[in-house]
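Biologist: Could you walk me through reading pockets and helix packing? Let's bring up the model.

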Amino acid sequence: MTELYGLIGNPLTHSFSKKHFTSKFEKLKIDATYELFSLESIKEFPALIENNPDLKGINVTIPYKQEVMTYLDEIDFAAKLIGAVNTISIKRIKGKIVLKGYNTDAYGFEQTLRSLVKPNTKIKALLLGAGGAARSVRHVLRKNGIPFRSVGRHNLKTDQLIYGLITPSIIDQYKLIINTTPVGMYPAIEMAPDIPYQYIGNEHILIDLIYNPEETLFLKKGVEKGALTANGTKMFIHQAEEAWKIWQKI
C-alpha cells in the first residue's frame, strides 16, 4: 500500500516540500507520495485526516503551527515547550486515530545558527516576527544563551519592539537579525521587513527563514551592506529529514 505524507498550510505556492520528498522517495525506491493540502481554515484539518486513511505524516507551515495543536492527542515535550508544531505523526490503532505533534523547526534552525555563529560568541539577536516559526527560533536562542528582542507589528509585550521604533542604536547593538515572517516570500519577492537597512554593516549576520526565493530582498539588502547572510534552505532540509525520522519510527 502506498503511504501518503503531506503538508498543510495556506498559501503553499512557495513550498519545496513536495519536490524534496518526491525526490527522496524516488531515490530510495520508497512506495510513498507527498501532497500539498491547502486549508482555508484549520477547521478543515479533522476531515483531511478522516478522508485520507493512508496518511502517515503531516508537515505544518504558515499559519497553522500553533492552531493545529488543539487537534492533537499528544504533543512532544519540546514542541509543547516551544509552543508550535510543524510535524505530526499519524497512528491508526484498532480504528482509533492518534495524532502526535513535534517541532523539527528548532533543530533545523539550530544547524543554520551553528554554521554562522561560533559557540560562546557574544552577540545579541533581533527577531522579526511573532508566529510559530519565531517560537522555534526563540527556543534555540535561549538554549544557546543568545539574548534577543522581538519585533512585531504591534507592541504585544513590554519587551517587544514595533518596526517604527528600531533606532540606529538598536541595529548597532543587535548584530544578528533573523526574519521569521513570510515578508519577501514568493510570489511577493519585492517586499522586505521594514527595518533601517542603512545602519547594517559588515559585523552583522542576517538570517531569513524563507528559502523561496533563494535570496530575498531582506538578504540582498544585507549583502549590499557587507553582512553575512543565510537563507532557510539548510533549516528546511534538516527539519524535513528530522520529520522523516519521526514518521519512520511509527
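Biologist: How much space lies in the largest pocket?

Modeller: About 610 Å³. This is a predicted model, where local features need pLDDT of at least 70, side-chain atom pairs count only at pLDDT 80 or more, and totals for chains, interfaces and linings use all residues. Residues are numbered from 1 along each chain as its sequence is written, and side-chain values use heavy atoms, with hydrogens and water left out. On a 1 Å grid over the protein atoms alone, a pocket is an open set of points where a 1.4 Å probe fits, with protein on both sides within 12 Å along at least five of seven lines; lining residues have an atom within 4 Å of a point.

Biologist: Which residues lie nearest the centre of the largest pocket?

Modeller: Gly-129, Ala-130, Gly-131, Arg-153 and Pro-182, out of 25 lining residues. Both α5 (132-143) and β8 (148-152) supply at least two residues of that lining.

Biologist: And what volume does the second largest pocket have?

Modeller: About 240 Å³. Its lining has 16 residues, with Ala-78, Asn-103, Thr-104, Tyr-107 and Glu-242 nearest the centre. Among the elements giving at least two residues each are α4 and α8.

Biologist: At what angle do the axes of α4 and α8 cross?

Modeller: Axes are lines fitted to C-alpha atoms, for helices over the stretch in contact, and angles run from 0 to 180 degrees between N-to-C directions. Here α4 (residues 105-116) and α8 (residues 233-248) come within 7 Å and cross at roughly 140 degrees. That makes α4 oblique to α8: under 35 degrees is roughly parallel, over 145 roughly antiparallel, 65 to 115 roughly perpendicular, and the rest oblique.

Technical notes. Helices (H or I, at least four residues) and strands (E, at least two) are DSSP runs, numbered from the N terminus. Grid points are joined across faces, edges and corners, and a volume is the space filled by probe spheres set on the points.
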